[in-house]
Amino acid sequence: MKMTMDKYLGIIMEKQSSILSPLVYFLFVPLFLFLFCSSSALANTFVFNPNTLTWKAIDSNGKVVRTGKGSGGRRYCPDIHRGCKTPIGVFTVWSKGGAGCKSSRYPVGRGGSPMPYCMFFTKYYAVHGSYEVPNYNASHGCIRVHPSDAYWLSKNFIRIGTKVVVKPY
């Protein structure tokens, strides 16, 4: 029996579609759901404004659920001889600590500064509690909030993967 090119391609396409159907279902459908169901629109967002020295917690519906006073990084830190402003941009929380969280870098040379309920959004910068939240940007780059606010943020709002937005100075 002689097979024409059209018949041959028809058989190949049938075989491919029988293979592609499960592939589409098992690979692309979950990918689609992941991309669209885990979008930032469905996640909490922490926003810090170093100009107004304020932060706000915005829930997945876009509602501001809590606000507070904060303090970011100084323009210049004499102990490290450079600027130490909080980096601006959009970040993601990747690590959290509890009440006993401490700095590994400050004070310079020994570390140990208390950072209760630290929520790291980069390798070196975190939102954390502090009993010193002055009316100016005073830190080495972290975002200081009152300890009770840090506790609430850590326990009720910020999870690994939560978006952190730091507005420009």
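Strands S7 and S8 (residues 143-145) run parallel and are joined by 3 bridges, and within this pairing glycine 129 stands opposite valine 145 in S8. Two strands are taken as paired if DSSP finds at least two bridges between them, while strands (E, at least two residues) and helices (H or I, at least four) are DSSP runs numbered from the N terminus. In general, the strands of a sheet pair through backbone hydrogen bonds, either parallel or antiparallel. The model is a predicted one, in which local features need pLDDT of at least 70 and side-chain atom pairs count only at pLDDT 80 or more, whereas totals for chains, interfaces and linings use all residues. Residues are numbered from 1 along each chain as its sequence is written, and side-chain values use heavy atoms, with hydrogens and water left out.

The pairing of S7 with S8 belongs to an open sheet of 9 strands, in the order S4-S9-S1-S2-S3-S8-S7-S6-S5 and with mixed pairing. S4 and strand S5 (95-96) stand at the edges with a single partner strand each, so one side of each is left without a neighbour in the sheet. The protein chain as a whole has 2 helices and 9 strands, and its elements follow the course α-β-β-β-β-β-β-β-β-α-β from the N terminus on. Of its 169 residues, 37% count as buried, where buried means under 20% relative accessible area, exposed means over 50%, and partly exposed lies in between (1.4 Å probe, protein chains only).

Within strand S7 lies valine 127, a buried residue with a relative accessible area of 1%. Its C-alpha atom is separated by 8.1 Å from that of tyrosine 117, a residue 10 positions away along the chain. When neighbours within four places in sequence are left aside, valine 127 is in contact (heavy atoms within 4.5 Å) with several residues, among them Phe46, Phe121, Ile143, Val145 and Leu153.

Aromatic rings were also examined, and a search of the whole structure finds 4 aromatic pairs. Rings of Phe, Tyr and Trp (its six-membered ring) pair if their centres lie within 6.5 Å, and planes under 30 degrees apart count as stacked, over 60 as edge-to-face and the rest as tilted. The rings of phenylalanine 91 and phenylalanine 121 have centres 5.3 Å apart and planes at 50 degrees, so this pair is tilted. Because phenylalanine 91 lies in strand S4 (residues 89-92) and phenylalanine 121 in the loop between strand S6 (119-120) and strand S7 (126-129), the pair ties together parts that are 30 residues apart in sequence. Both phenylalanine 91 and phenylalanine 121 are buried. For tryptophan 152 and phenylalanine 157, the ring centres are 5.7 Å apart and the planes stand at 20 degrees, so that pair is stacked; these two residues are likewise buried.

Charged side chains take part in a further set of arrangements. The count comes to 1 salt bridge, defined as a side-chain nitrogen of Lys or Arg within 4 Å of a carboxyl oxygen of Asp or Glu, and in it the side chains of aspartate 149 and arginine 66 meet at 3.0 Å, N to O. Since aspartate 149 lies in helix H2 (residues 147-157) and arginine 66 in strand S3 (residues 64-71), the pair ties together parts that are 83 residues apart in sequence. Aspartate 149 is buried, with a relative accessible area of 9%, whereas arginine 66 counts as partly exposed at 27%.
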